[in-house]
Every structure is written in C-alpha cells, then in structure tokens.
Amino acid sequence: MKIYPVILSGGSGSRLWPLSRAALPKQLLPLVSERTMLQDTVLRVSTWKGMEPPLVVCGDDHRFLVAEQLRQIGISPTAILLEAQGRNTAPAVAAAANYLAALEPDAVMLVLPADHMIADEDAFHVAVMLAADAIGTTALATFGIVPTAAETGYGYIRRGAALDASETCFAVERFVEKPDLATAEKFIADKNYSWNSGMFMFRASAYLSELQRLQPEMAQCCALAVHDAYTDLSFCRLDETAYAACPAESIDFAVMEHTAHALVIPVDMGWSDVGSWSALAEIKPGDKDGNILHGDVYTDGVTDTLIRSGSRFVAAIGVDNLIVVETKDAVLIVAKDQVQRVKQVVEHLQLEQRGEHLNHTRVYRPWGCYEGIDAGERFQVKRITVDPGEKLSLQMHHHRAEHWVVVTGTARITCGETVRLLTENESIYIPIGMTHRLENPGKMPLHLIEVQSGAYLGEDDIVRFDDVYQRA
C-alpha cells in the first residue's frame, strides 16, 4: 500500500494575530517547536513505512515559503499544488486526489491539516495503521479525538456500531457542527462522541467516486483544474478558471456528512488545532506561576499569563489570565477567555484597509526578505537581505527613485546599460523610470539599506521585464 500524506496548507490563522498574518500564517510559523507547524506535520509521518513523499496544497502567495521550508528539512515533495484562490477543503482534497489517481491508480491519501499539534506520535501512528487496514476500497476514514473537555470550538463525531472485534474502528453515526456549551457537556457525558480532527484516510478513487455522486459540479471542476494544470518552476499550478468555478465547501459538509462509507477511529494522542492563543497557552509548559514567557519580558506579581515579545522589552505587573503578544507594528492584550474575539481585530483592519493583518514589517520573498525601518511623507526606508546566488527581477518604477547602500556582502547591480559590483559602504542611486536589478553573486547573505523617495511608494509600482521566479 502506497500512502501519500496530503498536507493542506491553507488558511490565514486570524485568531493568532498579530503573529499569524495572511502572508505568513500560523502553519508557516514555529509556534509549538523550533520548526514550523508545516515542517512538524511533514516530519511526523516522513519516516513511517509505506509513506510516499508528501503532496502539499497551498495558496499561490505561500508557494516559495512552503518550498523553502520543505527544503530546510530535506523533503522533496511529490508535488506542491497551487490554488489561485482558496475553495475550502473539499476541492483541495479533490485536486490532490485527481493528481494522485493519475500518478498511482491505487493511491491511498492521508489528509492532514498543516497546522495541528500531536504530542503522542506513536498513538497517531497506530491509528493510521488501523485506518489503512480498515478502509478497503470504498471506506472514508476519519480520526476522532478522544475529548478532554466540553469544547465549543470543535465539531463532533458520534460513533455507531463497532466494525472490528477489538472495537478500535466504528461506523460514523453522524457529524455535529460546533455545539453550545450545554450540548458539548452532554456529548462528553455520552462517551460516544469524539472531536472532529479534520484528518482523513481513504483511497483517492473512493473519495472521487463519492464526490462525483454527492457533488458532481465540484468533481467536474476539480478534475478539469488538474487536467489543465501546468508547471510553474517546481510547482503544479491548478487551472485558474476551472478551480475558481468550483463550489467552496468543507470536506465534512460536501462528503463526510452524507456518505454511507464513513468510519471513525477514536484516538487519544494529545491533539490540538492550536486555533487560538488560549489553545497555545494550554499546550506550552508554564513556569511556577503558570506564566509562559517568550522574548525580553519582565514580570512582577503576574500569574497564568502568556507574554510573547518579538522586538521590544515588555514589562507586566500584577495581572492575571492575560495574553500579551508584541510585534514590531502591533500589540495584542486580551483576557484568555476572550481570545475568540481576536478575529474581530482582523476584520476591523480589513474594513479600515490597513495592512497589519496582511504582512509583518519583515516581508519574505523568494530571493530573501525586506523589512520596513522608517516611513514618512514621500519616503520610506527598508533593510533588504538577498540570499546567496539569488536575484531580484529586472524592473523599473514609475513613481519612485531608490538609493541603495551596501552594509555587508557583495551586490551586482544593473542600472540601465551599466552593471556594477558594490561592496560594503558603497552606494548607488536608481532614478525614477530606470531599469534596474539587484543580485547577490556571493556565498554570504547580502544586506543593504534602501531609501525610497517619490510621490507613490506602493509595492505595486513595479514593472517586471525579467524574473527568474516567473512572477507577473
């Protein structure tokens, strides 16, 4: 049996703002360990017998980050499928199923969100092997988490009759959406309910067959999106038109709640979807006062509080049960029992057309990154890092000029018809309308300071003539 981990790396993780943002969501952050959640998810299953290299489904904006994070842990994926726009989990899984079915007609899919934590990986491995034995050719297995509390933030699965003598695998009686507290307490007392983990295992052919029966329009759109997909560098880009026409539904709503072939394997494995700051606080070890401190933090008379400093000294005195998160451009202070309202901050930022929900001050690009240092009327200053051997696009700007000062490293700079090498403490001026390119020909990172000046300084004032990353 060839099992392909299918990693769903979508979503913006808005409830973990200000650390998680649209351009750098929670699955691409090191929230639980020193590795990112995507890396942990991939490594968790990479050494298991019968596992093929993973297939990752992600948004177009995250493609280079995903590829780089896989490279960092030595994983060469089966494919990275790109969604021009997110259509929820059912189409994402369908696209992966179509891709794998063409590659391996008998392929088995282990569908995993990229942003979950599992403490007991051995228990998870046992559950996956049980599912592999149970699915046969038609069953669609899901993993139900043995609940530890009456959570209202999770969906639930009620199990029916046992399907094996050891009572490790059960028919699914019904799926239940996120309940209120009173209903959740009844579920916990019932003992037949599990949390819905959002993890699944089935043959690609079985999923596509049920999708065709239950959601024929979705099945057709996803099949066409994969059939007309095309290669973009090392990525597989799903056909934009076909995929955009696909109905947007979760796999639970589109398939699992309606199929007669669903089974559930309850498992107790220390699982969390790390869906909020309070959830992260629950899985991180605290100090003797119950505090979880990260960064440059001072406390006095503080208990049961998570404080995360990203760039500045943070002092807290005489507070209890708070979440405090500091980044260079935003500070969040919220009571632990109010963390679900963090999403409203993101909605406010969107409504006000601000940028703090989209990017951090440091923005990652396939060639490296840049970080905003200062800005004012008609100017802004950035710190730019170009990785060894990388280059920016050959480009020009209609509304701004740029001054570059090399701090460390060597820069190869094209300015009009002239190509120059600049080293530490040397500088160059790029006039408005001048075609230019910045490259790092060396073996060490290139760091420089860029001062932009002009009437308009937006990132969309770029005309690209040549780009090794094939960006528009």
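Reader: What covers the buried residues of helix 6?

Author: The cover includes helix 3 (89-103), strand 4, strand 6 (140-145), strand 9 (193-203), helix 7 (216-227) and helix 9 (251-256). Contact here means heavy atoms within 4.5 Å. Helices (H or I, at least four residues) and strands (E, at least two) are DSSP runs, numbered from the N terminus. The model is a predicted one, in which local features need pLDDT of at least 70 and side-chain atom pairs count only at pLDDT 80 or more, while totals for chains, interfaces and linings use all residues. Residues are numbered from 1 along each chain as its sequence is written, and side-chain values use heavy atoms, with hydrogens and water left out.

Reader: Which residues of helix 6 are buried?

Author: In helix 6 (residues 204-214), they are Ala204, Ala206, Tyr207, Leu208, Glu210 and Leu211. Buried means under 20% relative accessible area, exposed over 50%, and partly exposed in between (1.4 Å probe, protein chains only).

Reader: What makes helix 1 mostly covered?

Author: Eight of the ten residues in helix 1 (residues 37-46) are buried, among them Met37, Leu38 and Val45. These buried residues pack against strand 1 (3-9), helix 2 (63-72), strand 4 (108-113), strand 5 (117-118) and helix 4 (121-134).

Reader: Why is the pair Asp106 and Arg203 called a salt bridge?

Author: A salt bridge is a side-chain nitrogen of Lys or Arg within 4 Å of a carboxyl oxygen of Asp or Glu. The closest N and O atoms of Asp106 and Arg203 are 3.1 Å apart, so the pair qualifies. Asp106 lies in the loop between helix 3 and strand 4 and Arg203 in strand 9, so the pair ties together parts that are 97 residues apart in sequence.

Reader: Is Arg203 called buried or exposed?

Author: Arg203 has 12% relative accessibility and therefore counts as buried. Asp106, at 44%, is partly exposed.

Reader: What joins Glu371 to Lys328?

Author: Their side chains meet in a salt bridge, at 2.3 Å from N to O. Glu371 lies in strand 21 (residues 368-376) and Lys328 in the loop between strand 18 (322-326) and strand 19 (331-335), so parts that are 43 residues apart in sequence are tied together. Glu371 is buried at 4%, whereas Lys328 is partly exposed at 47%.

Reader: How many salt bridges does a search of the whole structure find?

Author: The search finds 25. Asp60, Arg63, Asp232 and Arg237 are linked in a network of salt bridges.

Reader: What makes Ile317 exposed?

Author: Its relative accessibility is 60%, so Ile317 counts as exposed. Ile317 is found in strand 17 (residues 314-317). With Tyr298 and Phe313, Ile317 forms a nonpolar patch on the surface, with about 350 Å² of accessible area together. Patches are made of residues with over 30% relative accessible area and no salt bridge, like charges being joined within 9 Å and nonpolar side chains (Val, Leu, Ile, Met, Phe, Trp, Tyr) within 5 Å. Accessible areas come from the Shrake-Rupley method with a 1.4 Å probe; for residues, only the protein chains shown count as cover.
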